[in-house]
Amino acid sequence: TCIASDYWCTGIEPFWLIQISKEEDLIDFYNPMEQKTIHFVYKKPDVKNGLTVYNSTDGENKISVAIKKEKCNGGIDKQYDFSVQVQLNEKKYNGCAIKYGDK
């Protein structure tokens, strides 16, 4: 199996992936179109009003990952329990997320 991440997040149009892991001390944003991963240090999230928000920087890039427990359509016949909104520098991404331990 993969690293026990707190969350795996994904989006389409454009396709992207985020792995958030307290255990591995990372928030990784992967853009497969550019074959590029930006590594951020894990920071404890702010949790309030049903929203979990992770913020981090690598000194050059800033990321904010807002995860909300609500049904999310991740593509053809794929439903997730969490939606996610990502702000990476000036670019915004929307997608879905799965929490560690969920099916």
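This section describes the confidence, strand arrangement and nonpolar core of a predicted model.

The mean pLDDT of the chain is 91, and 92% of the residues reach 70 or more. Confidence is lowest in strand S1, with a mean of 93, and highest in strand S6 (residues 51-57), with a mean of 97.

The strands are arranged in an open sheet of 9 members, ordered S4-S3-S2-S1-S9-S8-S7-S6-S5, with antiparallel pairing. S8 and S9 run antiparallel and are joined by 7 bridges. Phe82 has Ala97, in S9, as its bridge partner.

The largest nonpolar core comprises 20 residues, and the most contacts inside it are made by Cys9, Ile18, Ile20, Val65 and Ile67. At least two core residues are supplied by each of the strands S1 (7-11), S2 (16-21), S3 (26-31), S4 (36-40), S7 (62-73), S8 (79-88) and S9 (91-99). The greatest contribution comes from S8, with 4 residues. In soluble globular proteins, nonpolar side chains tend to be buried together.

The surroundings of Cys9 were examined in more detail. When residues up to four places away in sequence are not counted, Cys9 touches Trp16, Leu17, Ile18, Ile20, Val65, Ile67, Val84, Cys96 and Ala97. Among these contacts of Cys9, Ile18, Ile20, Val65 and Ile67 are also listed with the most contacts inside the core. Ala97, another contact of Cys9, is the bridge partner of Phe82 noted above.

Key
Residues are numbered from 1 along each chain as its sequence is written. This is a predicted model: local features need pLDDT of at least 70, side-chain atom pairs count only at pLDDT 80 or more; totals for chains, interfaces and linings use all residues. Side-chain values use heavy atoms; hydrogens and water are left out. A nonpolar core is a set of buried Ala, Val, Leu, Ile, Met, Phe, Trp, Tyr and Cys residues joined through side-chain atoms within 4.5 Å. Buried means under 20% relative accessible area, exposed over 50%, partly exposed in between (1.4 Å probe, protein chains only). Contact means heavy atoms within 4.5 Å. Two strands pair if DSSP finds at least two bridges between them. pLDDT is the predictor's confidence in each residue, from 0 to 100.
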